[in-house]
Amino acid sequence: ILAKPYKYFKAVKIQNMFNRTNSSNKFKIEAGIRKGDLEKFERFIKDMTPEDIINAYHLGKVAEYESLLDMDKPTPGVIEADHIPPKNSLIKLIEDPEMAKSLKTNNKAVYDFVMSMRKDQNGKKQPCMNVFYSDHRRALTTGNSHESIACRDLQTNTLASGDMEKVLKQSFILAHPTCSDHIRNSLGIKHNFKYKNSGLSEADCHKYYKDGFEQLVCEYSRKKLIDQNQTDRLMQWVKKERYFDTSAVEYKEIKGAIKDKAVNRRNTDHMRPNYQRREL
């Protein structure tokens with residue numbers, strides 16, 4: 001809509017009329033955080049405790065994407081539903097016959113889960129978690145940076161192996177804003193993003209992410225995509241906040257994937273004619 005406003009002029013006009021005459025945020029078109037939305041949010045949370053903010057905006061709540069979108073919010077535009085693992089990783093696997101075949105061989109239940117997105121490209125029926133806008137933007141799986149693409153590709157490759165326990169461990173690390181910041185900082189990657197005040201401290205953010213991760217483990221267990229042993233191990237992993245353990249093998253895999261992407265990009269740039277001419 002933002003890219004081609006002329007194409008959706010009538011729809012936006014109707015939407016604006018609806019917004020002016022309706023107090024609910026349920027059917028409001030949202031496209032990220034806007035100044036007006038942020039101001040409404042800041043007025044609403046004034047004098048609220050972090051716990052009240054988390055509860056009011058259902059931060060950490062896990063449900064299907066469309067259910068979270070339909071959930072009433074005190075103010076619009078500041079909460080996003082984060083697909084964990086990212087939907088792009090699933091879509092890429094669907095589009096790769098060899099990887100899809102590998103997953104089908106390795107884990108039929110996960111294969112069926114992934115293939116359900118063939119008729120659900122927006123991931124409306126996929127598990128998601130309510131997160132604050134700025135926290136979502138800090139996640140390594142968000143955006144089109146080289147490191148974000150590398151991380152989503154890594155998730156696709158791990159999915160193809162059928163190891164859902166590893167998929168979720170990687171997903172939790174990559175979805176967590178603090179973990180993502182640690183990885184970027186360790187690799188010297190700058191993240192040019194203007195942080196918005198959520199009214200929550202880093203500890204409060206950690207709390208709602210931990211609660212959400214526990215819900216996600218339960219959700220994937222309920223869907224029978226992880227067995228009871230995997231569920232128990234993952235639940236302990238989350239309770240002990242092992243996603244902060246930078247010595248974990250998952251961190252090494254993630255950093256390795258990002259480094260490989262950077263090396264491949266440099267090699268590709270070096271082969272371009274323009275690059276060679278600049279060197280002459």
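**Exercise 1. Aromatic pairs.** State how many aromatic pairs the structure holds, and characterise the pair formed by F41 and Y57.

*Solution.* Step 1: the criterion. Rings of Phe, Tyr and Trp (its six-membered ring) pair if their centres lie within 6.5 Å; planes under 30 degrees apart count as stacked, over 60 as edge-to-face and the rest as tilted. The structure holds 11 aromatic pairs by this criterion.

Step 1: the geometry. F41 and Y57 are edge-to-face, with 5.2 Å centre to centre and 65° between the planes.

Step 2: the location. Helices (H or I, at least four residues) and strands (E, at least two) are DSSP runs, numbered from the N terminus. F41 belongs to helix α2 (residues 35-45) and Y57 to the loop between α3 (50-56) and β1 (62-64), so the pair ties together parts that are 16 residues apart in sequence.

Step 3: the burial. Buried means under 20% relative accessible area, exposed over 50%, and partly exposed in between (1.4 Å probe, protein chains only). F41 and Y57 are both buried.

Basis of the values: this is a predicted model, in which local features need pLDDT of at least 70 and side-chain atom pairs count only at pLDDT 80 or more, while totals for chains, interfaces and linings use all residues. Residues are numbered from 1 along each chain as its sequence is written, and side-chain values use heavy atoms, with hydrogens and water left out.

**Exercise 2. Nonpolar cores.** Which residues touch the most other members of the largest nonpolar core?

*Solution.* Step 1: a nonpolar core is a set of buried Ala, Val, Leu, Ile, Met, Phe, Trp, Tyr and Cys residues joined through side-chain atoms within 4.5 Å.

Step 1: the largest core has 66 residues, and V114 and Y208 touch the most other members. Not counting residues up to four places away in sequence, V114 touches L90, L93, I94, L103 and L159.

Step 2: another core, of 6 residues, lies apart from the largest one; A63, Y65, M71 and A81 are among its members.

**Exercise 3. Surroundings of Q170.** Determine where Q170 is found and what its side chain joins.

*Solution.* Step 1: Q170 is found in helix α10 (residues 164-175). With a relative accessible area of 0%, Q170 is buried.

Step 1: beyond its neighbours within four places in sequence, Q170 is in contact with L154, Q155, T158, E250, E253 and I254. The C-alpha atoms of Q170 and I254 are separated by 7.8 Å, although these residues are 84 apart along the chain.

Step 2: a polar contact is a pair of N or O atoms within 3.5 Å; within protein, one must be able to donate a hydrogen and the other to accept it, and residues adjacent in sequence count only if both atoms are side-chain atoms. Such a contact, of 3.1 Å, joins the side chains of Q170 and E253.

**Exercise 4. Cysteines.** How many disulfides are counted?

*Solution.* Step 1: a disulfide is a pair of cysteine sulfur atoms within 2.5 Å. The count by this rule comes to 0.

Step 1: C179 is in no disulfide, and the nearest cysteine sulfur, that of C205, is 9.8 Å away. C179 is buried at a relative accessible area of 0%, whereas C218 is partly exposed at 44%.

**Exercise 5. Backbone features.** Identify the peptide bond between I84 and P85 as cis or trans, and locate D47 and H58.

*Solution.* Step 1: the bond joining I84 and P85 is cis, with omega about 0°. P85 has its place in the loop between β2 (79-83) and α5 (87-94).

Step 1: D47, in the loop between α2 and α3, has phi near 70°, a positive value in a residue other than glycine. D47 is exposed, with a relative accessible area of 76%.

Step 2: H58 lies in the loop between α3 and β1, and its phi is near 55°, again positive in a residue other than glycine. H58 is partly exposed, with a relative accessible area of 32%.

Note on methods
Contact = heavy atoms within 4.5 Å.
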